[in-house]
Amino acid sequence: MSLSPATPFFMNPARKPSRNRTAHDWLDYLRESDGLGGILAKTEDLAKLKARLFIALETLDLGHLSSKIEAGWRSGGQDELFLLVSSASIGTRLQQILPSLINELAMNGLHCKVIKVKVKPSAPAWEVKPRENTKNIAPKGLNPVAKKSWQDLLEKLEPDSDLHKAVERLLQNKSH
């Protein structure tokens, strides 16, 4: 394609896709198995997993830990279960009962060969706070050294001079 120097190439922009076509693309995506249907199916599977895990933990007298455990399958298959826990003590307690937990889950219709327990990284104890905007804040009064310097200057000036009056006003305004 050749352009003449008088015709800039940016004068003929590409056409925008029509909004109707974009809406149809989204509808097609949502209808596909990996679209919204797939997301909803995974969500439903995780809810069932959580419910079965709760029943198994209740049987083992650890139902109170259910709210502190996030469960999920390893992305490769449905035979390796991951439990993400909020503290090391919960993780240790679960490690102690893993064989019993696997058996209880199997009795509830959830078959897995391996359960891996991981501790969630804790949130930092410190917090990053934004700095105060000090650029627009007016200084509040004079520091003691500056105040003394201005008072010394005031004593040296003629009482009727304009400069004496200006320094006097400065000291009155900045002493608040």
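Helices (H or I, at least four residues) and strands (E, at least two) are DSSP runs, numbered from the N terminus. Glu-104 lies in one such run, helix 4, which spans residues 98-107. The structure is a predicted model, in which local features need pLDDT of at least 70, side-chain atom pairs count only at pLDDT 80 or more, and totals for chains, interfaces and linings use all residues. Residues are numbered from 1 along each chain as its sequence is written, and side-chain values use heavy atoms, with hydrogens and water left out.

**Overall organisation**

The chain contains six helices and three strands, arranged along the sequence as α-α-β-β-α-α-β-α-α. Of its 176 residues, 19% are buried, where buried means under 20% relative accessible area, exposed over 50%, and partly exposed in between (1.4 Å probe, protein chains only). The accessible surface of the chain is about 14,300 Å², with carbon and sulfur atoms accounting for 56% of that area; areas come from the Shrake-Rupley method with a 1.4 Å probe, and for residues only the protein chains shown count as cover. Among contacts (heavy atoms within 4.5 Å) with a separation of 6 or more, 50% join residues 24 or more positions apart.

**Nonpolar core**

A nonpolar core is a set of buried Ala, Val, Leu, Ile, Met, Phe, Trp, Tyr and Cys residues joined through side-chain atoms within 4.5 Å. The largest has 21 residues, and those with the most contacts inside it include Leu-81, Leu-101 and Leu-105. At least two core residues come from each of helix 2 (36-59), strand 1 (69-73), strand 2 (80-85), helix 3 (88-96), helix 4 and strand 3 (114-119). Helix 2 gives the largest share, four residues.

**Selected buried residues**

Gly-72 is placed in strand 1, and Ser-66 in the loop between helix 2 and strand 1. The table leaves aside neighbours within four places in sequence when giving contacts.

| Residue | Relative accessible area | Contacts |
|---|---|---|
| Ser-66 | 9% | Lys-50, Phe-54, Leu-57 |
| Gly-72 | 16% | Leu-46, Leu-49, Glu-80, Leu-81, Phe-82 |

Glu-104 is buried yet has no salt bridge, that is, a side-chain nitrogen of Lys or Arg within 4 Å of a carboxyl oxygen of Asp or Glu. Its nearest side chain of opposite charge, Arg-52, is 12 Å away; Lys and Arg count as positive and Asp and Glu as negative, while His and the chain ends are not counted. Not counting residues up to four places away in sequence, Glu-104 touches Ala-56, Thr-59 and Leu-60.
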